[in-house]
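Here is a short briefing to read alongside the model. Please take a look at the structure first, and then follow the notes below.

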Amino acid sequence: MEGKQMSEKAQPIKPEEVKIEIINERHIVTGFTSYEQDLVDFLIEDALQNQKLRLSVTFLWFYRSQLVSYVTLLNDKINLEGDLKEFFQEKEICYASLPALKIGRLCVDDCFLKRGLGRQLVLFSIEKAKEIHRDKAGCRFVTVDAKGNSADFYKKLGFKTFPRQTGRGTIFMHFDLLKSPLL
Ligand SMILES: CC(C)(COP(=O)(O)OP(=O)(O)OC[C@H]1O[C@@H](n2cnc3c(N)ncnc32)[C@H](O)[C@@H]1OP(=O)(O)O)[C@@H](O)C(=O)NCCC(=O)NCCS
């Protein structure tokens with residue numbers, strides 16, 4: 001990969017300027033940087049292996065041939081227990097669990113923050129969930145365990161928390177594909 005180029009002025013990156021590829025053996029991901037080191041470690045050490053094990057799929061985003069961000073997706077279900085059961089019963093949904101697509105990891109390289117890529121990654125994930133529901137399998141939600149400092153980012157994009165949640169460093173958030181104003 002070419003050396004990483006810092007942008008002189010942070011212009012937004014448009015969706016049509018980005019090339020998206022599913023991770024494979026030929027990709028070199030070692031130049032990726034983030035202030036969230038565990039998300040760098042996951043990309044370098046686990047993303048490809050997890051994909052081979054059919055645990056997740058990782059989409060790499062390239063801008064001018066540079067790896068600028070990635071998102072990892074997997075199937076999920078929301079178990080309706082306790083408060084959640086009540087919450088959905090009020091909405092006349094009485095199943096034990098609800099189908100979802102999970103954003104397992106999502107990260108923008110430190111050199112490309114605040115240029116709209118994070119938002120695009122989330123919209124891409126929502127689009128994948130819609131695709132699944134269109135002709136493959138039911139999928140009502142996109143879910144994420146948001147790290148504390150990214151919860152407001154997801155909130156801005158229409159994700160919500162469930163009532164009376166207790167967090168353990170992450171906040172479980174969901175995006176309802178049925179009720180979203182984004183759709
Ligand atoms: C959170 C993250 C994905 C945001 O990516 P980004 O490309 O900088 O975000 P965008 O430029 O698309 O911003 C979209 C909107 O979210 C806002 N935003 C970005 N980061 C935010 C944050 N941490 N908290 C609150 N709002 C945030 C932006 O201001 C922008 O708002 P606007 O539409 O009103 O202008 C990025 O900071 C990142 O990769 N962080 C490290 C990894 C991480 O925390 N991932 C999520 C873990 S679950």
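**A first look**

Arg64 is exposed (12 or fewer other C-beta atoms within 10 Å of its own, with C-beta atoms placed from the backbone), as 12 other C-beta atoms lie within 10 Å. This is a predicted model, in which local features need pLDDT of at least 70, side-chain atom pairs count only at pLDDT 80 or more, and totals for chains, interfaces and linings use all residues. Residues are numbered from 1 along each chain as its sequence is written.

- Arg64 sits in the loop between strand 2 (57–63) and strand 3 (66–79); strands are DSSP runs (E) of at least two residues and helices are runs (H or I) of at least four, numbered from the N terminus.
- The phi of Arg64 is positive, near 50°, in a residue other than glycine.
- Ser65 belongs to the loop between strand 2 and strand 3, and it has a positive phi of about 65° although it is not a glycine.
- Ser65 is exposed, with 10 other C-beta atoms within 10 Å.

**Helix 1**

- Helix 1 covers residues 37–52, and it bends by about 55° at Asp46 (the angle between axes fitted to the seven residues ending there and the seven starting there).
- Just after helix 1, Arg54 has a positive phi of about 65°.

**Around the ligand**

- The ligand is surrounded by 21 residues, each with its C-beta atom, placed from the backbone, within 6 Å.
- The closest are Val108, Gly118, Arg119, Asp152 and Phe153.
- Two or more residues of this shell come from each of strand 4 (97–108), helix 3 (117–135), strand 5 (141–147) and helix 4 (151–156).

Definitions and conventions. The expected span of a helix is 1.5 Å times one less than its number of residues. A residue is buried if 20 or more other C-beta atoms lie within 10 Å of its own, exposed if 12 or fewer, and partly exposed in between; C-beta atoms are placed from the backbone.
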